Amino acid sequence: MNAVTERLTEIYKPIAADLDAVARKMMGVVAGALEPFPREIGAFRSLGKRLRPAICLLAWRSEGIDGAAPPEVVDQAAAVELMHIATLIHDDVVDGAYQRRGHQTLHELFTDKTAVLVGDYLYATAIDIFNQHAGRPVLGAITRTTVGMAHGELMQVLLDPDCRSRRDVYLDIISKKTADFFGAAAVVGASAALTGRAGKNDQEDRLELFRRFGWNFGMAFQMIDDILDFTASEDNLGKPVFQDLVDGRITLPAILLLESGNGVPATLRTVLDQKELSQDIRAALLEDLNRFDIIPKAIRTAEGYLSEAREILQALFGSHRSVEAQQSLYSLCDYILLQRGLPAPVAGG
Ligand code: IPE
Ligand code: IPE
Ligand code: MG
Ligand code: MG
């Protein structure tokens, strides 16, 4: 186990048994119907970070609940991860990615057709699970999120590059494809904890805070994922790097580069036009990123959303953090920034 995984294990301590139950539920869901696929779906062979079910379970436990998680909570946390895996399988078809979680992608192992159908099956199963357990507001949040996720991915494909290189459009895309889902994951867990408690208005206010926590966390998370595409190694990330630009996805570092220079830097234009990255262009691009201080700027942008997420936790729990899961939610904010050696931003710099 490396230091980053160790840290995550520590953060997940209050929900370790719940996450094991989630894994059992997920295997149960896919075992019969998806033979012979489960072992071939990289996402099942290797677990990934499990951030979304973890946030769901931590939100639930942070309301001060002890003992084993009941089936409706375990099942819904499993549905959150199943839905996430479905989006990854589809996203990898769309992006033509060959690796996910350190394994060959499903569409590479089989065909695009198979991957699309397996993704559909997992999606549909997740919705079915929510339908069994979730109340109307949660179900509404989940279904609206799935519409948004599809819309966000579509915007990346359909909008022209000039439009997609605008910061406001980028923020809208990542809000839809990633952040809203984190918000919904927190709402699923918190709602299971709060339902039946007195004070309907207080409950709604609390759920809204949980949603906003997840959303801000998700915005920062996608920005950091987009930064890692420029800074990480493929071995560390378990998926291809430098792939976003080559595929024409214009993400935060590229947008900051566009905003800081006079016109489009030649390096960026070359990658976008040629749709490939030679060693020379890669080196020149990294030099541009350095010259304009792009990566620290991008990290500071993500950190702004994480600060907001921490403030929301403060509003939810006060400064006591008496429940272990509350501390874990704070620690997750630090974890995503420090994962895989991203440097911490320099205060005020
Ligand atoms: C990948 O999500 C998709 C993004 C929103 C960037 P994760 O990085 O959470 O993927 P896993 O679940 O850990 O593999
Ligand atoms: C995230 O986008 C995919 C979804 C939220 C559906 P990315 O394309 O950045 O994810 P990775 O980098 O392939 O994991
Ligand atoms: Mg992708
Ligand atoms: Mg990415």
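Student: What hand does the crossing of H15 past H16 have?

Tutor: In this predicted model, H15 passes H16 in a left-handed crossing, where the near helix is turned anticlockwise from the far one by less than a right angle (right-handed if clockwise). Helices here are DSSP runs of H or I with at least four residues, numbered from the N terminus.

Student: At what angle do the axes of H15 and H16 cross?

Tutor: The axes of H15 (residues 266-274) and H16 (residues 279-291) cross at roughly 135° and come within 9 Å. Axes are lines fitted to C-alpha atoms over the stretch in contact, with angles from 0 to 180 degrees between N-to-C directions. That makes H15 oblique to H16 (under 35 degrees is roughly parallel, over 145 roughly antiparallel, 65 to 115 roughly perpendicular, and the rest oblique).

Student: And which residues meet there?

Tutor: From H15, Thr 267, Thr 270 and Val 271 meet Ile 281, Ala 284, Leu 285 and Asp 288 of H16; contact is C-beta atoms, placed from the backbone, within 7 Å. By type, the contact has four nonpolar, two polar and one charged. Ala, Val, Leu, Ile, Met, Phe, Trp, Tyr, Cys and Pro count as nonpolar, Asp, Glu, Lys and Arg as charged, and the others, Gly among them, as polar.

Student: Switching to ligands: what is around ligand 2?

Tutor: Its shell is Thr 87, Asp 91, Asp 95, Ala 97, Met 149, Glu 153, Lys 177, Thr 178, Asp 225 and Lys 239, taking C-beta atoms within 6 Å of the ligand. Helices H5 (71-95), H8 (136-158) and H10 (167-194) each give two or more residues.

Student: Which element gives the most to that shell?

Tutor: H5 does, with three residues. The shell divides into six charged, two polar and two nonpolar.

Student: How does the shell of ligand 1 divide?

Tutor: Into three charged, three polar and one nonpolar. The residues are Gly 48, Lys 49, Leu 51, Arg 101, Thr 178, Gln 222 and Asp 225.

Student: Back to H10: is Asp 180 buried or exposed?

Tutor: Asp 180, found in H10, is buried, because 24 other C-beta atoms lie within 10 Å (buried is 20 or more, exposed 12 or fewer, partly exposed in between). Beyond neighbours within four places in sequence, Asp 180 contacts Thr 145, Gly 148, Ser 175 and Trp 215.

Student: What does Leu 171 count as?

Tutor: Leu 171, also placed in H10, counts as partly exposed, with 17 C-beta neighbours inside 10 Å.

Conventions: Residues numbered from 1 in each chain as written. Chains lettered and ligands numbered in written order. Predicted model: local features only at pLDDT ≥ 70, side-chain atom pairs only at ≥ 80, totals over all residues. Contact = placed C-beta atoms within 7 Å.
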